[in-house]
Amino acid sequence: MASLYISPHPDDFRSLMALVAAEFCPSRPCTLIEDPPASLALCSRPSLVLGSGGGEVLSGAIAVAWYLASQGKMIGSNAKQESQVWQWLSFADNELTPVSCACSHAEMMHVLNVLDKNLESRTFLVGNSLTLADIAVATAALLPFKYALEPSNRRALTNVTRWFLTCVNQSQFVNVLGQISLCEKMVPVTPRPSVAPVPAANANPTDDANAVNGKRLRPCLISLILVSLQKKAKPEKKDLGVISYDVPTPPGEKKDVLSPLPDSYSPQYVEAAWYSWWEKQGYFKPEYGRKSISEPNPRGVFMMCIPPPNVTGSLHLGHALTNAIQDCLTRWHRMRGETTLWNPGCDHAGIATQVVVEKKLMRERGMSRHDLGRDQFIQEVWKWKNEKGDRIYHQLKKLGSSLDWDRACFTMDPKLSNAVQEAFIRLHEDGVIYRSKRLVNWSCTLNSPISDIEEVIVATTRIETMLGDSAVAVHPADPRYQHLKGKVVLHPFCDRMMPIVFEFVDINFGTGAVKITPAHDHNDYEVGNRHNLAFINILDENGLLINVPAPFLGMKRFEARKAVLQALKDRGQFKESKDNPMVVPVCSRSKDIVEPLLKPQWYVDCADMGKQAADSVREGRLKIIPDHHHKTWFNWLDNIRDWCISRQLWWGHRIPAYFVTVNDPSVTPGEDMDGHYWVSGRTEEDARDKAAKRFNVSTDKVTLRQDEDVLDTWFSSGIFPFSIFGWPNEDLSVFYPGSLLETGHDILFFWVARMVMMGLKLTGKLPFKEVYLHAVVRDAHGRKMSKSLGNVIDPLDVITGISLEGLYAQLQDSNLDPVEVEKAKQGQQSDYPTGIPECGTDALRFALCAYTSQGRDIDMDVNRILGYRNFCNKLWNAVKFAMRTLGGNFVPSEKAQVRDLSIQCVLTAVSCPWFQAYDFPAITTAIYNFWLYELCDIYLVSLFVSSGSQSQAVVCRQTLFTGLCLLAPIMPFVGEELYQRLPRRRSQDDHANDVSGGAVQSADPDPVSIPDHPARPSHRGCAVAIASDRCTVHLMLKVRGKFYRLQPHIIRCCD
């Protein structure tokens, strides 16, 4: 029978979790509170000894509870649920337990509110029945419910309270906990000395208050503090020390790693000098260590292109999340030995850039772009780009992004511009791109149509558009208007006769009679086409009224709104006003109300391309993760409309299309909207030849006028995955198609779908095999990032720290109006009263990855990032301790020993499936718990206590190397700094040790595994630790002929 050693304290929730899990176990272990035999060397309680007389030992609450719950089938019904259970175990251990044991009631309520939100539509945390997730979180919440949560708190936590009572009323909980009495009023706390006096050697144990049944209790620190309600006053927070790296190191030279490590971790010290050295060594290039990138690599190729940020701006935390995830994946693939390329780039951002430069011209020189002219204005834009456009690249380097900068590209570079021109010409010649006069979303301020992504929705009324009405629509079944079939009505302001048409309008909406304005409403446009109505345009490009009677002619559109309403009242033709909002888009760039306007534009026929893109997901050729985005994908592509790709701007790729005028009486002059009179060409001569051939005339009779418009920015972005490699002139075979596209889910159809459509159409291949969509970053209150709220944070401010005054100064330099500046200041004062402390790149990256739960938005709290800075300090101290213990003469063996392999196999088993599944919370949890609870709590401690056991010390020492390899993809700077300080194997050259730089995938390049063939000899006494969510499993391999294969969370014996 198994023996379960637990703490004797009645409120030790870690032991309680194991005890409740044991209630579900078919064969319950024997429960013991006495000290275990010294031969077992148990490090903590609860601990589970499997079998009698010693043997396999499981230490730690989660390891024990997992084993017991798995026996009772309480760990989920499939792999996905098992992963969810582990995430809740991590939540209980890392989020709920610390606040349950702290003095801050506010922090505890914050965490419980997160739990309450998750339980809104759930009875249990995972699946439809109770699991170990509920056991772990409920036992962690036990102390708050017993001692801290008063009735008013519980009313605020309706879902948590309901769930908690459901759990603790289960018979298995009752058997362990009895009936729980909930807190009615928190008891005031009187602090007392935290260290109890040590009893004399001859003292009677029964006289000790901390003794039960004559046995001295082993105190559970957290439980003793809480049960006796001894809430210690929080010590004053020490200022985070800033230590700088002062050793003169030319850019690109290796950092000094011979001088002693500083006493504590400091991001400024750690992050200095490494990035330029990585670049100079060529670690970020796929050619590194290879004769040719075209040479086949048996380990595979990983290629990913960056979602090109706009050249106009600077990165915010949303960009930081994107790049933290992408760099983490890139470094992981590079460490696996794959030929790896992460390609950087920047987008010219047509509208945004033109607006920025126009404002700058007006502010500094009092000039508009029209005062300069097109050519000079474009020169001004290039000048601005060359001066300001590199800020984003600087930010990316500060984030540690391991991009191949030699391949950096700008969408207006000649290579990419040539690809854009070629794409347009090919699609135009195939008839996919065509010209048509249709309604577009027109910005009167920008004098250009805009994309749907540049809109937000507001409500208003638009009575002025009645001046362009050409019909009245009624429902065909409306009895009130059957007698009007075939009749016409007279327009109130002119002699226009308008037919009454029968359409399926809402009978109950107003009078049931709806005015139709085909030239200024998207729905009315379709009605106008069906009934062959007149399309009367009443607005010019600047928003002034045209084609209308006096006195409205020449009025501004919003002045006309008031004038039309007043004129109706003066004529006695105004009946009443009701709340009747219409959906009207607003341009996010200019804040101008967008007008539907009839304009000749260039369109892409998306019907066939959209079907192919949709089918690629349906047939499994393209994988979208998480798969709940499939609904959005199919909904958009199955109902796709043709794409307007022309913009009336000056900055961008000018459309390579020419309007043809033929000086020959046999050729009828054409109109602008007639596509027959438009040709496309790579040069004007090329276009002239095509025109002459089309109209069967000589080239000297052809006059060409190139379209003034430029292409939609999304057009050049849509071919980005292959234009960066020189399509159509260069070989794409090495890096196209790419492996992965990682981006935010908010641009799934604006960018991702268009890349898929364009890739399939122009190259015949999908541009990538998988799409991983991460969540949207919000602030700590769940609000969308907005400059006017003051919650848009520059990642560099989190990395280096910034004062509140510094945040204020950034607002003054922005384009916000004074009212918005004051509102933003109030938000910053509330969220960052003392500014933002220096957190460092590694802590920011780790926090962003830890937050990334698939399908959920991220409420980013800077305080949590600061917590991971403290984690970096723990890593720092752990390595310093290990180095002192290792001594100056320790040299690792040239070849990894079996004990080394066992540890590396475990870490590989822990990390690989989660990297492949893009489960970043599981990755960060495993790393965090491995370092804190495995390496620090067990292995490094064993260095201190096992001076006589050299073999065990070797295992512990080798584990440190592998732990840093596991850390490197997410925390590259501190990983490199600490790894470079450790002793090297003599057989390795310097480059083979630069794990974060990416020269090799690990200290032992060959994949490792535990032997599992029965004919091979076993290795007795090999202690194996599985590093996942504070789970420690010690397997004493004593029986010859038994072998063990390790998998995440599972230990399986193989005879």
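The following legends describe close-up views of a predicted model of one protein chain.

**Figure 1. Overview of the protein chain.** The predicted model contains 35 helices and 33 strands. Of the 1055 residues in the protein chain, 54% are buried. Among contacts with a separation of 6 or more, 76% are between residues 24 or more positions apart. The chain exposes about 47,200 Å², and carbon and sulfur atoms supply 51% of that area.

**Figure 2. Helix α26 and the glycine that follows.** Helix α26 covers residues 748-763. With 16 residues at 1.5 Å a residue, the helix should span 22 Å, and the distance of 21 Å between its end C-alpha atoms agrees with this expectation. Because 13 of the 16 residues of α26 are buried, the helix is largely enclosed by the rest of the structure. An α-helix has 3.6 residues a turn, so residues three or four places apart point the same way. Just after α26, Gly764 takes a positive phi of about 75°.

Figure 3. A search of the whole structure finds zero disulfides. Cys305 is in no disulfide: the nearest cysteine sulfur, which belongs to Cys409, is 8.6 Å away, whereas a disulfide requires two cysteine sulfur atoms within 2.5 Å. Cys305 has a relative accessible area of 4% and is therefore buried, the limit for that class being under 20%. Cys346 is likewise in no disulfide, and its nearest cysteine sulfur, that of Cys409, is 9.4 Å away. With a relative accessibility of 3%, Cys346 also counts as buried.

Figure 4. Val488 belongs to strand β15, which comprises residues 488-490. The relative accessible area of Val488 is 46%, so this residue is classed as partly exposed.

**Figure 5. The cis peptide bond between Ile625 and Pro626.** Ile625 and Pro626 are joined by a cis peptide bond with omega of about -5°. Most residues other than glycine have a negative phi, and most peptide bonds are trans. Pro626 is placed in the loop between β20 (623-625) and α22 (630-638).

**Figure 6. The cis peptide bond between Tyr736 and Pro737.** The peptide bond from Tyr736 to Pro737 is cis, and its omega is near 0°. Pro737 is located in the loop that lies between α25 (720-723) and β27 (738-744).

Figure 7. Asn532 is not a glycine, yet its phi is positive, at about 55°. This asparagine lies in the loop between α19 (522-531) and α20 (557-570). Asn532 has a relative accessible area of 71% and is therefore exposed, a class that begins over 50%. Asn547 is also found in the loop between α19 and α20. Asn547 has a positive phi of about 55° and, again, is not a glycine.

Definitions and conventions: Residues numbered from 1 in each chain as written. Predicted model: local features only at pLDDT ≥ 70, side-chain atom pairs only at ≥ 80, totals over all residues. Heavy atoms only, no water. Helix = DSSP H or I, 4+ residues; strand = E, 2+ residues; numbered from the N terminus. Expected span 1.5 Å × (residues − 1). Buried < 20%, exposed > 50% of the residue type's maximum accessible area, 1.4 Å probe, protein only. Contact = heavy atoms within 4.5 Å. Areas by Shrake-Rupley, 256 points an atom, 1.4 Å probe, with all protein chains shown as cover.
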